[in-house]
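Welcome, and thanks for taking a look at this one. Here are a few notes to read alongside the structure.

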Amino acid sequence: MKNSELFDSARREFIVKGLGVAGGLVLASSTFFSACEFTEFKSPSEPGETNLVLDTTTEQYNVLAAPGGAVAVAGVVVIRLSPDRASALSRICTHQGCDLDPNDNGSIVGDRLRCGCHGSEFNTGNGDVLKGPAQVGLRSYPVEIRGNVLTVIME
Amino acid sequence: MIFLGVSATELAGLPRFALTSGATCSSCHVNVTGGAMRTEGGWFSIRNVGLIQPRNTFLAPLYGAKSNALFAKNLRWGFDMRVQVAKRGRELKRDVFAMQAVPYLSFEVRENLYLYGSFNFVEPLFPSQQRFTAAVFYRPLEKVAFKAGFIQPKFGIRYDDHTVFTRQQAQLRPMYQELGMELYVSPRDWLTITGGVYSPEHRAAESNVPINESSVMIGGGVDFRPMDWEKGLSYLLSGSFLLQDGQTMYGVQAGIGLIDEASFIVDYVRWENDVEGLSPLSRSDILSVSVSYQLLESLVLEMRAEQATGKGRSERRERQLVLGFQVFVLPFVELRPEYRWRDTPEVQMAQYTAQLHIFY
Ligand code: FES
């Protein structure tokens with residue numbers, strides 16, 4: 001057996017044992033693992049930003065008065081889903097960052113918000129990915145409806 | 001053949017392994033640019049690479065095959081199956097999902113003429129991926145080779161990881177195929193010149209500019225692979241381009257390998273949209289730097305640092321750091337635990353991932 005092979009088998013034995021010990025430690029310390037993992041959503045509208053108040057009697061937002069209407073405001077696309085339901089989704093496509101403004105690169109077909117760049121589709125109600133290449137859904141914000149006023153809760 | 005005795009030739013179809021083994025892709029793979037289907041030599045070179053050797057264990061009967069031939073010597077088979085555990089989806093919840101399950105077949109019609117094909121049993125994750133491949137590879141002269149059929153256009157270098165920015169951000173997916181043909185000329189052992197023409201049909205499915213499907217995509221590149229056997233060093237210098245209707249891509253890669261020990265690769269890709277205004281990003285510069293260190297033939301430490309910067313009507317920057325191991329637990333069974341940190345305009349996250357890769 002050549003020296004290098006001896007060295008390699010010694011290393012192998014050492015590492016196989018080492019891996020066994022490491023495996024045990026890994027199993028025993030799942031708390032450590034979760035501590036090293038984190039997910040922080042950033043958004044054009046970080047929590048703490050002011051809510052968006054949209055009056056559907058104004059010319060700017062009157063498309064939101066009827067179901068199917070949608071408009072891009074600040075960092076979100078606001079969509080009127082039905083007389084008593086609306087959604088607000090991040091307007092930045094999670095695939096490669098194209099703008100989902102429905103009057104520009106984005107389009108709404110039925111319950112889908114489609115990105116014109118590579119064709120990703122998101123559920124207009126909750127932002128879930130319906131078709132790739134995007135793999136991560138759009139962040140969604142609650143919307144309150146009071147009479148003619150829609151309030152997107154950003155906080 | 002001199003390479004087949006050298007350790008770690010198992011994945012020489014990947015530049016990282018080519019650098020640490022000194023082998024060329026075609027010394028182990030049917031496809032001259034790499035890919036999962038192995039030649040007999042390629043199969044032999046990996047059949048003993050594993051932390052645990054099954055010879056004296058209850059697994060021995062599973063490892064009794066004497067070659068990867070099926071029925072006849074000129075018919076060979078193989079497969080590539082991957083399952084991943086990672087956070088994904090809108091809430092970035094941990095998920096276990098199959099990435100691919102692909103059996104391969106290659107048929108050596110006569111010396112230097114191969115037909116090969118594969119089928120992916122897992123639903124493609126991206127629109128530009130194709131479920132099947134079918135191609136012919138022919139080397140009429142020692143220095144000239146030819147490939148035609150459904151092939152992945154020559155651009156940049158291959159990685160065994162679809163999240164490497166220079167592939168992912170350029171929408172070059174694993175199993176991305178186009179109908180096309182490529183010509184390879186190797187006037188020297190260390191020099192290969194490649195040129196190809198392809199249909200842009202699958203690329204159009206993911207492109208950020210509209211592509212006329214009846215247009216033709218042109219690609220090509222030059223690869224320098226000098227070796228210094230005395231010092232145990234190998235080098236890589238590669239330049240390539242892909243021209244398609246509406247978008248141009250260029251790539252430059254440089255690498256150095258310490259045989260059986262380590263590799264260092266710098267990979268730069270730029271894409272430019274020729275059609276202004278259709279996408280908020282008109283240009284993207286992508287850089288990926290990767291380092292590998294081979295603790296054992298069957299245990300490799302890998303690190304990667306990457307950045308992609310998009311410019312145009314809007315701006316965008318993404319960064320990623322990856323630290324992981326490639327562990328060949330048994331021959332043909334690889335486990336890849338990784339720690340990944342990623343920062344995009346939408347999210348900053350760090351997670352552990354693991355991939356189980358079974359191949360043959
Ligand atoms: S940026 Fe939206 S699908 Fe690619």
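Which residue lies over the face of Phe126(B)?

1. It is Arg173(B), at 4.0 Å from the centre of the Phe126(B) ring. Please keep in mind throughout that this is a predicted model, so every value here is computed from it.

2. Phe126(B) also turns up in the surroundings of His162(B). Leaving aside residues up to four places away in sequence, His162(B) touches Phe126(B) together with Met99(B), Gln168(B) and Pro174(B). You will find His162(B) in the loop that runs between strand S6 (144–151) and helix H3 (165–168) of chain B. Is His162(B) buried or exposed? Its relative accessibility is 17%, and since buried means under 20%, His162(B) counts as buried.

3. Now to the aromatic rings. Over all chains, the count of aromatic pairs comes to 11. One of them joins Trp77(B) and Tyr360(B), a tilted pair with 4.8 Å from centre to centre and 35° between the planes. Trp77(B) belongs to strand S2 (residues 72–88) of chain B, while Tyr360(B) sits in the segment after strand S18 (347–359) of chain B, so this pair ties together parts that are 283 residues apart in sequence.

4. Tyr360(B), with a relative accessible area of 13%, is buried. Both residues belong to one aromatic cluster, which also includes Phe79(B), Phe328(B), Phe332(B) and Phe359(B).

5. Moving to chain A, have a look at the open sheet of 3 strands, with the order S2-S12-S11 and antiparallel pairing. Its edge strands are S2 (52–55) and S11 (143–146) of chain A, each of which pairs on one side only. On average, neighbouring strands of this sheet are turned by 20° against each other, direction ignored.

6. What holds the strands of a sheet together? In general, strands pair through backbone hydrogen bonds, in a parallel or an antiparallel way. Here S2(A) and strand S12 (residues 149–152) of chain A are joined by 4 bridges, and 4 bridges also join S11(A) to S12(A).

7. S3(A) runs antiparallel to strand S4 (residues 76–82) of chain A, and 4 bridges join them. As an example, Ala70(A) stands opposite Ile79(A) in S4(A).

8. Lastly, a word on confidence. Chain B has a mean pLDDT of 84, and 87% of its residues reach 70 or more. Over residues 1–12 of chain B, pLDDT stays under 50, and for that stretch the model has 44 contacts beyond four places in sequence. For the complex, the predictor gives an ipTM of 0.75 and a pTM of 0.76.

Conventions. Residues numbered from 1 in each chain as written. Chains lettered and ligands numbered in written order. Predicted model: local features only at pLDDT ≥ 70, side-chain atom pairs only at ≥ 80, totals over all residues. Heavy atoms only, no water. pLDDT = per-residue confidence, 0-100. Contact = heavy atoms within 4.5 Å. Pairing = 2+ DSSP bridges. Helix = DSSP H or I, 4+ residues; strand = E, 2+ residues; numbered from the N terminus. Axes fitted to C-alpha atoms, helices over the stretch in contact; angles between N-to-C directions. Phe/Tyr/Trp six-rings, centres within 6.5 Å; stacked < 30°, edge-to-face > 60°. Buried < 20%, exposed > 50% of the residue type's maximum accessible area, 1.4 Å probe, protein only. Lys NZ or Arg CZ within 6 Å of the ring centre and 35° of its normal.
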